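Colleague: I am new to reading protein models, and I would like to go through this one with you slowly. Could you show me the sequence and the structure before I start asking?

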Amino acid sequence: MLLRWLGVGAWAAGSWALLGRDAEPDYASDIRPILDRSCMPCHTESGVGPFSFARQESVVRHSALIRVQALSGSMPPTPYTSDFGPISLAPPLSDEDRVLLQRWIRQGKPGTASPGEREPSPPAAMEGGLQMPTLPKLRLEGAPYGLEYTIPVPEGITDITGWDWRAESPRSVRRVLLSWSDEPIAPRETAFEFGSEKVIGMLAPGYAAYRLPEGTSLKPEGRYLRIQQWMHPSGRAESAQIALAPVAARAGDAAQLLSLNHPGFEIKPESNPVLTLRHTLDRAARLHSVLPEARFYASRVTVRLIEPGKPSRVAFHTLRWSPLWTGHFAFPKPISLPKGTEIVAEIQYNNDERCPMNEGKKPELILSGPGINQEACRLHMVLLP
Ligand code: HEC
């Protein structure tokens, strides 16, 4: 703990000089845009964060906590880098953002509320929502658990370019994985493995709506849409129900789903292995998004793209992996890749005292498998022609 705080202090002293001492940050022009970009995807009334930053008074009320979070770099929860610009996840704070926030809070002068500041309206009742089965209420307590079921792909839907979704209890239904299935499944508890080669996408709080670019679409690859939800008991009787609406499209260039899977592995106690997945494109394609799959023993995830004869580029990299914050990492523009490009995912696992799963106990042998105490090493992708 001490080291962590010393580190933070040294960092703050270094960057303090960056901005010059007189520049007084202004709430409306300096602070609001940072919050909107990096925090508001989650910190709204109906969002997954514990309080809303939609109004200035609420920002001021929580400013001491915000300062701690901003300096320690623990919010937003998945800091990432990408050589392709901001992806579909709240972007991490830059050094300049941190200095501005820190200064504004120190100033102790909150400034004036900007006109038009208000809570974003909750998503309206979903139009074109699919008929969902009635699900059992969320468990009151215990570890996160999974729930899965299928719904038939509605007649007449041949092309889909995206999904809108909404959870009745957004703080407890944290993520929803969509894949195609040939078999119907009545609602049942499930393991944590996506376990499918036909993963369409992950809907998660803090993410932009799931959309393919215009002119492209997904064709159903099964008679059923399989839905897997990660549920987080909160001590309250909450609803597991979600609303889901496909965005139908005219037939477009068909998107292709591609999944890489490490067939089986073990992680010895006190070891920190890096596992690698590789795929070489046998034709030119555009990469729309990547969805890594790993659980609580994983700590770092990197996806690289290596075009023939070119230096490797980082599509997605995080030093703080958590499956709680995984989603479909969609790029601002699909990345054009020539035939022969290698896609390489590296996942680092920590089976030592640094892993939160090992808190208060000795590390054990970890096997790959579907359990919450097991591990996965997969990469799901959406490729466009
Ligand atoms: C992807 C969603 C997400 C984003 C983006 C996000 N937060 Fe959070 N934040 C959470 C959640 C969820 C919690 C509750 C703690 C938890 O579950 O990890 C939280 C907790 C907090 C807390 C309370 C911590 C405590 O000690 O009680 C603060 C302060 C905070 N966030 C500030 C921020 C700031 C500032 C930003 C933007 C720079 C931000 N958050 C961006 C989801 C998010």
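Predicted model: local features only at pLDDT ≥ 70, side-chain atom pairs only at ≥ 80, totals over all residues.

Colleague: Over how many bridges do strand β2 and β9 pair, and in which sense?

Modeller: Residues are numbered from 1 along each chain as its sequence is written. Strands here are DSSP runs (E, at least two residues) and helices are runs of H or I of at least four, numbered from the N terminus, and two strands pair if DSSP finds at least two bridges between them. Alanine 167 stands opposite isoleucine 242 in β9, and strand β2 (residues 160-167) pairs with β9 in the antiparallel sense, over seven bridges.

Colleague: What is the order of the open sheet of four strands?

Modeller: Six bridges join β11 to strand β20 (residues 378-384), where leucine 258 stands opposite methionine 381. Seven bridges join β20 to β14, and β14 in turn pairs with β17 over five bridges. Pairing in this sheet is antiparallel, and the order is β11-β20-β14-β17.

Colleague: How many of the nine residues of strand β14 are buried?

Modeller: A residue is buried if 20 or more other C-beta atoms, placed from the backbone, lie within 10 Å of its own, exposed if 12 or fewer do, and partly exposed in between. For the chain of 385 residues, 32% count as buried. Strand β14 (residues 285-293) is mostly covered, and its count of buried residues is eight.

Colleague: Why does the length of helix α5 agree with what a helix should span?

Modeller: The expected span of a helix is 1.5 Å times one less than its number of residues. Helix α5 (residues 95-107) has 13 residues and so should span 18 Å, which agrees with the distance between its end C-alpha atoms, 18 Å.

Colleague: Is α4 roughly parallel or roughly antiparallel to α5?

Modeller: Axes are lines fitted to C-alpha atoms, for helices over the stretch in contact, and angles run from 0 to 180 degrees between N-to-C directions. The axes of helix α4 (residues 63-72) and α5 come within 10 Å and cross at roughly 155°. Angles under 35 degrees count as roughly parallel, over 145 as roughly antiparallel, 65 to 115 as roughly perpendicular and the rest as oblique, so α4 is, relative to α5, roughly antiparallel.

Colleague: Why does proline 323 count as partly exposed, and with which residues is it in contact?

Modeller: Proline 323 lies in the loop between β16 (313-318) and β17, and it counts as partly exposed because 19 other C-beta atoms are within 10 Å. Its C-alpha atom is separated by 6.5 Å from that of phenylalanine 296, although the two are 27 residues apart along the chain. Two residues are in contact if their C-beta atoms, placed from the backbone, lie within 7 Å, and, leaving aside its neighbours within four places in sequence, proline 323 is in contact with Ala294, Arg295 and Phe296.
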